[in-house]
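Welcome! Please take a look at the sequence and the structure, and then let us walk through some of the contacts together.

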Amino acid sequence: MAALSEEVLLVVKRVRQRKQDGTLYLMAERIAWGPEGKDRFTVSHLYADIRCQKISPDGKAKIQLQLVLHTGESTNLHFSNESTALKDRDAAKDLLQQLLPKFKKRANKELEEKNRMLQEDPVLFQLYKDLVVCQVISAEEFWANRLSINNVDHSLSNNKQEVGISAAFLADIRPQTDGCNGLRYNLTSDIIESIFRTYPAVKQKYGENVPHNLTEKEFWTRFFQSHYFHRDRINTGLQDIFSECAKLDEKGLKSMVFQGVKNPMVDLLSLEDKSLEEGYGSNSTAPSTSNTNKTVKENSNSAIIKRFNHHSTMVLAALTLCMALCTIIMCFLSKMSCHFYVIEYEDLHRENGKKTVALNLKKSDRYSHGPVPLLPQQYTTSQDIVNSVNCIKHEIASYKPCLTQVMSSSTASSAIAALSPGGVLMQALAQQAINQMVPNDVQEEMKHLYTAAGELLRHFWSCFPVNTPFLEEKLTGHLEDMFQMAYNKFHAWQTRRMMRKT
Amino acid sequence: MKLNIEGLLVYFPYDYIYPEQYSYMLELKRTLDAKGHGVLEMPSGTGKTISLLSLIVAYQREYPLEVTKLIYCSRTVPEIEKVVEELRKLMEFYSKETGEKNNILALALSSRKNLCVHPEVSSLRFGKEVDGKCHSLTASYIRAQRHSNPSLPSCRFYEEFDAMGKQVPLPAGVYNLDDLKDFGRRKGWCPYYLARYSILHANIIVYSYHYLLDPKIADLVSKELSKKSVVVFDEAHNIDNVCIDSMSVNITRRTLDRSQANVETLQNTILKIKETDAAKLKEEYRRLVEGLKEANVARETDIYMSNPVLPDEILQEAVPGSIRTAEHFVGFMKRFLEYLKARLRIHHVVQESAPQFLKDIFEKVCIDRKPLRFCAERLRSLLRTLEIADIADFSAITLISNFATLVSTYSKGFTIIIEPFEDRTPTIANPVLHFSCMDPSIAIKPVFERFQSVIITSGTLSPLDIYPRILDFRPVTVASFTMTLARTCLCPLVVGRGNDQVAMTSKFETREDFAVIRNYGNLLLEISAIVPDGIVAFFTSYTYMENIVASWYEQGILENVQRNKLIFIETPDAAETSMALEKYQEACENGRGAILLSVARGKVSEGIDFVHHFGRAVIMFGVPYVYTQSRILKARLEYLRDQFQIRENDFLTFDAMRHAAQCVGRAIRGKTDYGLMIFADKRYARADKRGKLPRWIQEHLTDGSLNLTIDETVQLSKHFLRQMAQPFKQEDQLGLSLLTLEQLQSEDMLQKIAQIAHQA
């Protein structure tokens, strides 16, 4: 049995396929079915190849599961064990449901990517046809070093615009009562992402705890139970893993506050020129703000306010790119220009016909990264030029031809003749005509053979240095065959051409 | 353009002018001609500052002997810098038009913290520290000591300035704080002292209120300013509170403890000096016998502005014998401190007048009124004699001595309230003695008396007649100007009910009502869905905001609001609020949109503008009445009633409405700007409230926009916003709210302009 080493996750007996009874195996990487009494699989699909599964409606007499492949083929499985058919099917379905998405993403992406590459690049497509379709090399080998090259720029080109965070993402997980004394929180991967981006401290906790101490579910349950999520609760239990998060947040907020603000127009601290000294003033409520005589309620209220500010700040900060731009702009609008900006009454000015032009960015990344320092270049100043001209003039003035070492006139003229079009040395030019001489289709075929051979050679050379047994095997084993095959192919083509010519 | 304002040639550095600016200048000119004081209200964003500057500078050039100086007082540092920039623009225009170089010197003055260039001192974070450190490097006796001991640290900037800076006056030009610092660095002179020295001969000074109104600072800085100056108080809607604050004193147990420590230090220092340098103390004694004649001479010859803490009678007399020697004075202060301590050991609230207090102190510890009056002056002399480096450490004892002088000088206008604990926490003893000023005219009186013209101006001064009454002066001009508009860019709405018809109000009885809070929340939610970019919401007080935010959170309203916009909330901590503000602006800037929840009377409502997209709507939740249960306020109301015949309710409403107007006015900062002004309280619809709003808001508050429900508000707002979002060009304004010189000169336009000013 081929699958001896594979882990079998589920075995379902009495499954019919094409009216044949058999057994269904769900393994770690594939699903397989073998007819009864035989020890081989007649049906075997990698999960990666399966696009989706379909099941028959509940009321139907036949209880079936259909697997649809990416290629469009499908396999029907009929669960025929009367008593447990439905259960069997559901078990298989549930397991598949869990397994498929894991493979799906990877498979789909790769497939799509390959497809895209082939469509975009006709040369590659031709090469694929020459090598893979003609089975000179296998598809995996063909893609093996191509995808890795492409993955790099793939990630570059796929640098998607970062999406901001909805400020109300916590509102979206409003608990719903599930009817039996419990609460259900709807958590999607988007929301988790938002939580992580807004509260890096939670992400850190997640990283610290989740695989080892808690399951993912437990983690989120605790999150929802913690005061941290319920912002109005302040009493922090020590064993609560999120109490530290709150402290971290507080710290972050404090440091941000300490940094102060860049825009002097909103800096309330430096707004007042001369504050009253301590003890003067009519309503000095300063001593009353001490925490001791605040009620718990007031404390929790101010905690809410603090956390709202923090939340909004973090949501805003999640738009990092935008942030960077804003800070740059803020810097530009430094102190002086700020005031200038404020005192302008634009409508009191005569419009000077200065039409503003929309910014048209060719390279947006250059715009956001700022100007690149000029590479050191050698400039010739006008002084240099003048100097060199003078120098040459000087040289020319003092130039004396050395008449003893010149060529005889006859050799000179023959050299010129040889270099002129039609001359001996220029006869290579006649080869240009091969373009016209050889018919287009032949050229095309020639080109294909050439690229195919080139590709094979690339494979060949990429095996050096031979430092793994696999490479050695590749080199001695099938590469040789491949060359042979390619050579045969070329030979066949050549003879065909010869035949046609004669 | 060049204007002709009743025969005065005024250079105006723009090509166009708003009609109200012209009208404003007319009134201003008449005030200056009459050499009197004026109260002028004009909406913010109509170019008040440039109108003021253009006219007064022109007046100064035309009549250099009549008006020698312009003292422009504003409230915040950014505002001060703004004024200087506008002035610079005007000066550039002058030199462009006339072709000659300006010989006008204009400069801004601010505290050491904003002007210091000393590398170590300027790196300190708080103004007080900077002052203290600067003093420890530059005080006269420290510099004298340095002659014998050159190793003592010094400030080279001050030394340079002292050696060279006073010989040549600061070259003519316009200097903001940074210019002064640059100049100081270049020359190696201290910019702060340079500025303080230069204001004496500068033509235009821009600084903060405190330099004129706070007697402690005014005495140092502004005492010698020329009588023929024009003083402008911009953004003056809160000027009465500034006056009151500068004259009020609070004494806690901590103050007394620190004073006690101060007194002991003094005593020790005196003992030490007695052993080493008894001659110094004798010299001081001799000086005190002669009295404060010098100051008296100066004041009589009209060189000094009088200081309310240093009343005239003191100047004519010698310091009384009982506190003349240093030891006696220290003993005197000890007794006074013990008396105050005893007074703070009480269990019930005491309220008494200054004469009652003096009677009591005489009976209990035999302290007379006369020596008390000299306390502040005597202490200053002592500190000078003892050569104490860090004055900042003696702030407590200085406070006590100032209190002594004030309480014995003024029998009227002040009240003493001793509270054993705070009202909210009756179990925790925290006795405070409030010596609170109830009459703002005391602090501002010297200003009105000394300077020939004082202009009080702001965007919100309504009702206009109340300011002359509470500040006790007689203006020659009182006028309110409206904003001429080509399109109604402000949309005041009074929301009185929720969709469930429950009245919306922050009235004390119903403010905790669940329905009211929910309706307020719904209003915010609905508005947040339709208004683009920034929304600012103001609450009546900080505690009220905390409560509402908490219940909105519980009700899930805030989370729904967050679907539309980010939320930022003002906190009592200024640094935190600054950050929230910055983030708020950032969120408005990048298109996310945000809501700022803030507090009327807070720092945000007073000092931050929300131009254009930073504030497309302002919601005023409730009427921002001051906390009426405070005893200080009650005393003040009583005083206002008895002295000025202002009824309590009138004053409270006036105070609430000026703050409401301040809040909603934050959103409109010009004619191209636009914004919703939502008054969310049914009481705004009443005539007595509505009538106290500034005229430029009242005009647009039609009967159709009173007592709306939330739905109606949303409908009206949508309509308004859609209209406003249309492109608005200069041509649309031209001839209506924006004039060229030709248009200005036409007959019927001048007639129209005459109607803009509304004389009270």
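Predicted model: local features only at pLDDT ≥ 70, side-chain atom pairs only at ≥ 80, totals over all residues.

Is B:Asp642 buried, partly exposed or exposed? With a relative accessible area of 47%, B:Asp642 is partly exposed; buried means under 20% relative accessible area, exposed over 50%, and partly exposed in between (1.4 Å probe, protein chains only).

Residues are numbered from 1 along each chain as its sequence is written, chains are lettered from A and ligands numbered from 1 in the order in which they are written, and side-chain values use heavy atoms, with hydrogens and water left out.

**Salt bridges**

Over all chains, 47 salt bridges are counted, each being a side-chain nitrogen of Lys or Arg within 4 Å of a carboxyl oxygen of Asp or Glu. Here are three of them.

| Pair | Closest N and O atoms |
|---|---|
| B:Glu419 and B:Arg631 | 2.5 Å |
| B:Arg518 and B:Asp500 | 2.9 Å |

B:Glu419 forms a salt bridge with B:Arg631. B:Glu419 lies in strand β11 (residues 414-421) of chain B and B:Arg631 in helix α29 (residues 631-644) of chain B, so this pair ties together parts that are 212 residues apart in sequence. Helices (H or I, at least four residues) and strands (E, at least two) are DSSP runs, numbered from the N terminus. B:Glu419 is buried, at 16% relative accessible area, and B:Arg631 is partly exposed, at 25%.

In the second pair, B:Arg518 is partly exposed at 29% relative accessibility, and B:Asp500 is partly exposed at 34%. There is also a network of salt bridges, which links B:Asp240, B:Arg601, B:Arg636, B:Asp655 and B:Arg658.

**Nonpolar cores**

A nonpolar core is a set of buried Ala, Val, Leu, Ile, Met, Phe, Trp, Tyr and Cys residues joined through side-chain atoms within 4.5 Å. The largest has 184 residues, and B:Tyr207, B:Phe233, B:Leu340 and B:Phe403 touch the most other members. Helix α17 (residues 326-344) of chain B gives the most to this core, with 10 residues. Domain 1 (247-439) and domain 2 (490-727) of chain B both contribute residues, so the core lies between them; the domain bounds come from an automatic or database domain assignment.

Apart from this core lies another, of 115 residues, including A:Phe169 and B:Ile527.
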